[in-house]
Amino acid sequence: MVKYILKRLGVAFLVALTVSMITFSLIYVSGDPAVALAGEAASNEEIEHIRKSYGYDRPIPVQYMDWLGRALQGDLGRSHYLKEDISHVILTRLPNTLILAGCAIAFALTLSIPLGVAAAIRPNSLIDRFALTLAVVGQALPSFWFALIMMFFLGIQLRWLPISRVETWQGFIMPAIALGYYVTPGVMRLTRAGMLEVLQSDYIRTAKAKGLRPLTVLFKHALRNAIIPVVSLAAVQFGFMLGGSIVIESIFAINGLGFLAWETIQRGDLPMMQAIVLVLSLFYILITFLADMLNAFLDPRIRVT
Amino acid sequence: MSDTILEVQDLVVDIPVSAGMLHPVQSISFKVDKGETLCIVGESGCGKSLTSLAVMNLLPKSANCTATKLSLDGEDLQSTSERRMSDIRGNKMSMIFQEPMTSLNPAYTIGNQLTEALLRHKKVSQSEARDRAIYLLEKVGITAAASRLTQYPHQLSGGLRQRVMIAMALMCGPEMIIADEPTTALDVTIQAQILHLLADLQKEFNMGMILITHDLGVVSRVADRVAVMYAGQIVETGTGKQVFENPTHPYTQGLLECIPIPGKTERGAHLGSIPGIVPSLVGDLPGCHFADRCRHVMDTCRTGTIDLSPSFEDGHVYRCVQTPEQCAANLKKGAA
Amino acid sequence: MAQMRRRVFGHYGIIIGGAVLAIIFAIAIFAPLLTPFDPILDQDLAQKLKPPFWHDSPKYDPAHPLGTDLQGRDYLTRLVHGARISLLIGFSAMIISGVIGTALGVAAGYFGGRVDMIVNFIITTRLSMPVVLVALAVVSLIGSSLWIVIWVLGLLIWDRFAVVMRSTTMQVRNLDYVAAAQACGCSTFRIILTEIMPNVVNHLIVVATLEMAHAILLEAALSFLGLGVQPPAPSWGLMISEAKGMMFFDAWLIGIPGAALFALILSINLLGDGVRDVTAPENRN
């Protein structure tokens, strides 16, 4: 178990390091970051000033090591546009995004796992067909369009839910659905396929032959094993949601990291852009690592060797 | 001693498949007394496993199962609710499967899986269940039983897992135990150990047992009664002694020729084999199912239904158009 | 073969998905012939926001069955030309990502060991970068054009190709006939081309449809955020974005391109699911 954790930690660390390099080099995609930062109307003196103050005149490896060293201490630099500490801005915006993504994944899992289990218990039944239809339709709905449609019907026509810039829990309902529904088809299909496979396994027959109650067979013996791949998928999808929140947050004007990213990109605020990509990637790495740990807990074949 | 524990009459299993209706089990009847071992012998696909699953009421949902009588200890199993049936399974009647590698849930400890049936069926405490598990693990020959309880299935070898499966089946002290080819997946060296262990435990706990196996050597030693199955039917049944000493049905004769018997088969003698393959059981099959592979086939074998003969030596019956004397003569001819 | 044909034509998903996709494809090819207008040039502010035919309004103009947009451009014309952009982006990005992902996946699956480890690391790293955000950032830095969007998406979404090709190649590689080919002294390249690829191609097709749909959705999202295809090009995502402000009054402006996008993605996915069902019926569930 210790070996497993260390191995995963090592990989996570290496991935994080690589991601930081890619993220850092992002600002050089356009060529000269000082020119990009200064804007089109800037004079040569202004560009030189920015180059000096941001240290873009130093060799790139030195810049990277400096940036990484500060980032490790929690200092992500200053925003050129907002004139604020980037870490501070990100920390104030992060909670909204985490709440949104958390609600979204909660919505997705509470919808898709029971549906997938029900579909697997009775293949080709009405509920199975319903689940399949939902999956096929869900996979084809563009999330931003779905968000606007929901806004139109639930917010404008029926006036059931607030449509934007609301920090109460009702304000998170539509965004969470818009962000979460896209995950449901995948999770549902995986749950269904896993349950179908497990329910036909020999150990389920053993459990039935012991005379265990159907619910015990289903939840203790079947779901526990079928859920293991779902955990990994849910973690990956949660990571995607953090990135995908950019679309939903900009539609519902939720003051989170996604919305910040959108504003930042439009302003061309390079250091802030770097920082956001880095933070979201690190979150993804953290979440998938936690999912690996949860799976090790669920599956003794990983845990006990 | 001779009170019947399990009685099955005219058990029929039908499974709809894309090509029509599959008849894997066609009117099987047998009974098992307390403390008696019935061995069901036959090649793969003859319906042995489905028969045992039908008795346990564990057939897949698509299968239709009927019987004129199916009773355990006098209780009719056909009309019982699924709820009552689950009270019986693992409690009064339990089953051991042929795949020890996959028959244990990988996510739970041996101890958890051993005790859960007992906790479900009997009013016992956790520690009592644990004690019973340790007692039975020792009974099935597992050393350091207490420490095994915290292990997971993947940490055990196939032979150990099958011993755990046997202990698990015995947890509630069943009156009837069904072992479906419990040794096919194991190493040859372990096969005999496990079968002898089963036979010993069966005598010790005075259970009725159905042992489904290919291993005729074991059958000859442990069987009180033998039922030979071919293509969904019982083709011959009798006591172990009757069937082994006086095999009557041509299929039984062929089976026995296929195995060397120590002291009987001469060194260098050719072992027999049965040519041909098992017929498809989709749709109705007229006449004798073995006709295509039988050396003594006649025109009358191909039509009508061939029923089991009347008992010709105290419960020894067979399914063939020929008389016992003709059959016995066939055996000599074949051997010559 | 006859059985295969029966399976294909007995599969609702393939029939419906294939038919809808074929229609959208035909519309994209013949777009200029379908309407008398130009999607960009024919704008007339006096004609703006004509309602579509199902709105029983006196403002309805039979020359514009789906109405006109804010600039007075014929909405039907923009819609049919938008199909070209979606299909072009979806197809091209799919090809680029398919080449990258297949090369990585097959290499990892075939050689295993250290190659597999490295490819796995690359996949994990790629997955941990948020696609939409990175795409937006890159596009915003190097400017956006149709081909930049295609390349950025193609270079980003190869992960599923790599994952699926890796595992299927691994399975095929361990089969006896590959060992037989190696024993015959065939070159590695030849074995991959003639023994491995034909046996993984059905999985490749399924992933290709999924990724094409994925690319189309991403382009729409990028354009919707204003950093994909640039106005005045008639991208469906951009059309929805432009109509966003009119949602209270003219919701159909959003409904029409969104429905088109939905129909296109749905038909591609149905076709992909169908191909998977038909080529591997045992994996159906």
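**Exercise 1. Chain C as a whole**

Find what share of the contacts in chain C with a separation of 6 or more comes from residues 24 or more positions apart, then describe the chain around that value.

*Solution.* Let's start with the contacts: residues 24 or more positions apart account for 73% of those in chain C with a separation of 6 or more. Keep in mind that we are working with a predicted model.

Next, look at the secondary structure.

Then take the extent and the surface. Along the principal axes, the C-alpha atoms of chain C fill a box of roughly 80 × 50 × 30 Å. Of its 285 residues, 53% count as buried. The accessible surface is about 12600 Å², and carbon and sulfur atoms contribute 68% of that.

Finally, the charges: there are 18 positive and 18 negative side chains in chain C, and the centres of the two sets lie 7 Å apart.

**Exercise 2. Who touches whom**

Work out which chains share the most contacts, and how far apart the closest C-alpha atoms of chain B and chain C lie.

*Solution.* There are 2 pairs of chains in contact, and chains A and C share the most contacts. Chain B and chain C are joined by no contact, and their closest C-alpha atoms lie 14 Å apart.

**Exercise 3. Walking across the sheet of chain B**

Give the strand order of the open sheet in chain B, then follow the pairings from E7(B) onwards.

*Solution.* Step one is the order: the 7 strands run E7-E8-E9-E3-E10-E11-E12 in chain B, with mixed pairing. The edges are E7 and E12 (317-318) of chain B, each of which pairs on one side only.

E7(B) runs parallel to E8 (residues 176-180) of chain B, with 4 bridges between them. Here B:Ile96 stands opposite B:Ala179.

Step three moves on to E9 (residues 208-213) of chain B, which pairs with E8(B) in the parallel sense over 5 bridges. In this pair, B:Met176 stands opposite B:Gly208. Helix H6 (residues 158-170) of chain B packs on the sheet, touching E7 and E8 of chain B, and its direction makes about 175 degrees with that of E7(B). Helix H7 (residues 188-205) of chain B lies across E3, E7, E8 and E9 of chain B, at about 165 degrees to E9(B).

**Exercise 4. An enclosed strand**

Explain why strand E10 (residues 225-230) of chain B is largely enclosed, and identify the strands it pairs with.

*Solution.* Count the buried residues, using under 20% relative accessible area as the cut-off. In E10(B), 5 of the 6 residues are buried, so the strand is largely enclosed by the rest of the structure.

Now its partners. E3 (residues 37-41) of chain B runs parallel to E10(B), joined by 4 bridges, with B:Cys39 and B:Val226 as bridge partners. E11 (residues 233-239) of chain B pairs with E10(B) in the antiparallel sense over 6 bridges, and B:Arg225 stands opposite B:Thr239. The hairpin of E10(B) and E11(B) has 2 residues between the strands, and B:Ala231 takes a positive phi near 45 degrees there.

**Exercise 5. Backbone exceptions**

Locate C:Pro232, A:Ala253 and B:Asn206, and describe the backbone at each.

*Solution.* Recall the background: most residues other than glycine have a negative phi, and most peptide bonds are trans.

- The peptide bond from C:Pro231 to C:Pro232 is cis, with omega near 5 degrees. C:Pro232 sits in the loop between H10 (188-224) and H11 (236-243) of chain C.
- A:Ala253 has a positive phi of about 50 degrees. This residue lies in the loop between H11 (214-252) and H12 (257-267) of chain A, and at 13% relative accessibility A:Ala253 counts as buried.
- B:Asn206 has a positive phi of about 55 degrees. Its place is the loop between H7 and E9 of chain B, where B:Asn206 is partly exposed at 34% relative accessible area.

Terms used: Residues are numbered from 1 along each chain as its sequence is written. Chains are lettered from A and ligands numbered from 1 in the order in which they are written. This is a predicted model: local features need pLDDT of at least 70, side-chain atom pairs count only at pLDDT 80 or more; totals for chains, interfaces and linings use all residues. Side-chain values use heavy atoms; hydrogens and water are left out. Buried means under 20% relative accessible area, exposed over 50%, partly exposed in between (1.4 Å probe, protein chains only). Contact means heavy atoms within 4.5 Å. Accessible areas come from the Shrake-Rupley method with a 1.4 Å probe; for residues, only the protein chains shown count as cover. Lys and Arg count as positive and Asp and Glu as negative; His and the chain ends are not counted. The place of a charge is taken as NZ of Lys, CZ of Arg, CG of Asp or CD of Glu. Two strands pair if DSSP finds at least two bridges between them. Axes are lines fitted to C-alpha atoms, for helices over the stretch in contact, and angles run from 0 to 180 degrees between N-to-C directions.
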